[in-house]
Amino acid sequence: MLQLTSQDLSRIKAEALIIPVCDDRNLFRSKSLRLWAAKLEGIDSFSAGPGEQLDLYQPEGLPLERIVFTGLGASRKLTVEGLRQAAGKSIRRIRQSRPGTAVLAVPETNLPDDLDPSLALTAMAEGAYLANHTLAVYKAEKKKRPLKAIRLLVASGQTRTFRGILARVEHICRGTALARDWVNLPANDKSPRDLAGMITRKARQAGVATTLMDASQLKRQKMGALLAVGSGSRQPPQMLILDHKPARSRETLALVGKGVTFDAGGLNLKPTGSIEMMKIDMAGAAAVAAAVITAARLGLKKRVVGVLPLVENMVSGAAFRPGDIVRSYSGQTIEIGNTDAEGRLILADALAYAAKRYKPARIIDLATLTGACVVALGDRIAGLFTEDAPLRELILASSAKTHERCWAMPLPEDYEDLLKSDLADMRNIGPGRWGGAIVAALFLSRFVGDTPWAHIDIAGPAYTKKAQAYSEAGGTGFGVRLLCDLMEDL
Ligand code: BES
Ligand code: ZN
Ligand code: ZN
């Protein structure tokens, strides 16, 4: 869907040409683009501020329907994310009227020192691709259709170097779109078995090896925590393993993703207002699956294993109860304080399994784990928990590059007391509400042994109620771009 072009403006046939403009300097070298961008100078109603847009229909002498000028503000304050959002907003604007082809002019000059043309190209391509992803709606008449093609207009002579960049962006954004599609599916169309099947199909197409453990195998493996969470549902739990194993790879990276296909809360049933969106409680698993699949498509040289516990947390006569004590895969026993704190239970078994079975150099888990993390950081920033300083820095660096924001949170030793149980090795909740995201992370830390580990609580950013610059309302695919960037650097 992403293409490169370096054609002369007068020969570009498309529904729309998007020209980014700053309020102080012209971003183009090529003469015709310079001239078109300069036409806006002196127009009072358009000041080229961030987010501002202006349509010019039937531009003279060009075979285009319209030009969309998109404001970026001051050139020296320009950022990668500013370009991503500007591209995204412009694509969303065009998509509203009719599908076709859009051409985006990539800035060539007067960029800040840390923003070279290849980064500008990456940012605009990402914003455009992601903004063009549409919800797979269950309606007879599909109103919002994606554009057929997005072309990035660059100066001639650069197309060769830029082609590789664009291919990478396309792979990664396709991964994000895949995760979004899975998150957006209603829970009645993604039972643990359904979801395992869908992920397996995509993984095999990409050359990723898959292993599925069904409920009887989970019993044989003594995954008591995962089985307890699944006990209230008619849909049995599953554990899906994805293995991208290139020849001669040495270290293994293990990625673990929370895959609760619907979180009703169990017998600690969620109330109205909290239960409605809980089909998104598998966003961690979706992001991890998409990241492993993308690693294979990109041909990454490192072994990456995805461990996905898939389960539905429901209410029934067979459901696990508050007060139950379950034996986890690690052998540690857990007293259930609340059946709605189920994510940490399934992750306990998945983390312990990943550590024991694959002896990875590092484990990273992604999970829509706690409402408390959303209270702490809002719904656009994830909580990052790790004791491993180098890993923390790498994750924060990828986070900054991709603008999938993470904020480092503490794992204080003295809070461990909060998990004490009179009867079992630990309880799955603390005695009160405070520090809920930290308590959950401390719980997880007990199941990774000595393996360097990071936990990312994505309960906030996994999903957006309102459309954003380059995401429709719904699943955001948060984590896929972050993990892809990280896997390249590890
Ligand atoms: N899936 C929820 C967390 C969540 C909340 C995700 C909001 C997305 C948006 C998780 O399983 C949960 O219910 N956590 C409880 C834990 C509590 C019982 C200790 C919570 O956050 O309230
Ligand atoms: Zn829950
Ligand atoms: Zn949950």
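Donors here are N, O and S atoms within 2.8 Å of the metal (3.2 Å for Na, K and Ca), and water is not among the atoms, so sites may look incomplete. As for geometry, four donors count as tetrahedral if all angles lie between 85 and 135 degrees; four count as square planar and six as octahedral if opposite donors are over 155 degrees apart and all others between 65 and 115; anything else is irregular.

This is a predicted model, with local features needing pLDDT of at least 70 and side-chain atom pairs pLDDT 80 or more, while totals for chains, interfaces and linings use all residues. Residues are numbered from 1 along each chain as its sequence is written, chains are lettered from A and ligands numbered from 1 in written order, and side-chain values use heavy atoms, leaving out hydrogens and water.

Now to the zinc ion (ligand 2). Asp263 (OD), Asp340 (O and OD) and Glu342 (OE) hold this ion at 2.0 to 2.2 Å. The angles among its six donor atoms run from 72 to 169 degrees, and the site is irregular. Along the sequence, the donor residues follow the spacing D-x76-D-x1-E. Asp263 also coordinates the zinc ion (ligand 3), which sits 3.2 Å from ligand 2.

| Residue | Part | Distance to an oxygen of ligand 1 |
|---|---|---|
| Lys270 | side chain | 2.8 Å |
| Glu342 | side chain | 2.9 Å |
| Gly371 | backbone | 2.7 Å |

Methods. A polar contact is a pair of N or O atoms within 3.5 Å; within protein, one must be able to donate a hydrogen and the other to accept it, and residues adjacent in sequence count only if both atoms are side-chain atoms.
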